Amino acid sequence: MGSASQPMLVVKANRLLLRKRKSFKDIREAYEGYSNETQLHFKELTPFEQKKIRDKIIAQAKRDRIAEIRLYIITALVLSLIVLVVYLLF
């Protein structure tokens, strides 16, 4: 069986942990100013490279669109087959 003083030991341990913990204000002050110092540098592309990337994106979009249309056609065929089979059985 547990002792009656067990909960008090847990409370004491928790209080000690709270004292060690940093407050939100301290953490915020430590990170203040970091977002202003960060600068992103992007690679400059030549017009030829931009056109090449654009063409790749357009070609991929076309392939995706064709694949989606094929999926719709196959789904419509399967559904019509199921409806036909159910109609003929009943």
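How many salt bridges does the count come to? The count comes to one. Keep in mind that this is a predicted model.

Let me start with that pair. The salt bridge joins the side chains of Lys 51 and Asp 55, with 3.3 Å from N to O. As background, side chains of opposite charge can pair when their charged atoms come close. The cut-off used for a salt bridge is within 4 Å. Where do Lys 51 and Asp 55 sit? Both are in helix H4, which covers residues 47-89. Because they are four residues apart in that helix, about one helical turn separates them. As for the surface, Asp 55 is partly exposed, and its relative accessible area is 34%.

Staying with helix H4, look at Leu 81, which is found there. Is Leu 81 buried or exposed? Its relative accessibility is 52%, so Leu 81 counts as exposed. Leu 81 is also one of the residues in a nonpolar patch on the surface. Other members include Ile 74, Val 78, Ile 82, Tyr 87 and Phe 90. Together, the residues of the patch have about 1,300 Å² of accessible area.

Now to another helix. Lys 20 has its place in helix H1, residues 6-20. Lys 20 is exposed, because its relative accessible area is 70% and the cut-off for exposed is over 50%. Along the chain, Lys 20 and Tyr 31 are 11 residues apart.

To go back to the opening question: one salt bridge, formed by Lys 51 and Asp 55.

Technical notes
Residues are numbered from 1 along each chain as its sequence is written. This is a predicted model: local features need pLDDT of at least 70, side-chain atom pairs count only at pLDDT 80 or more; totals for chains, interfaces and linings use all residues. Side-chain values use heavy atoms; hydrogens and water are left out. Helices (H or I, at least four residues) and strands (E, at least two) are DSSP runs, numbered from the N terminus. Buried means under 20% relative accessible area, exposed over 50%, partly exposed in between (1.4 Å probe, protein chains only). Patches are made of residues with over 30% relative accessible area and no salt bridge: like charges are joined within 9 Å, nonpolar side chains (Val, Leu, Ile, Met, Phe, Trp, Tyr) within 5 Å. Accessible areas come from the Shrake-Rupley method with a 1.4 Å probe; for residues, only the protein chains shown count as cover.
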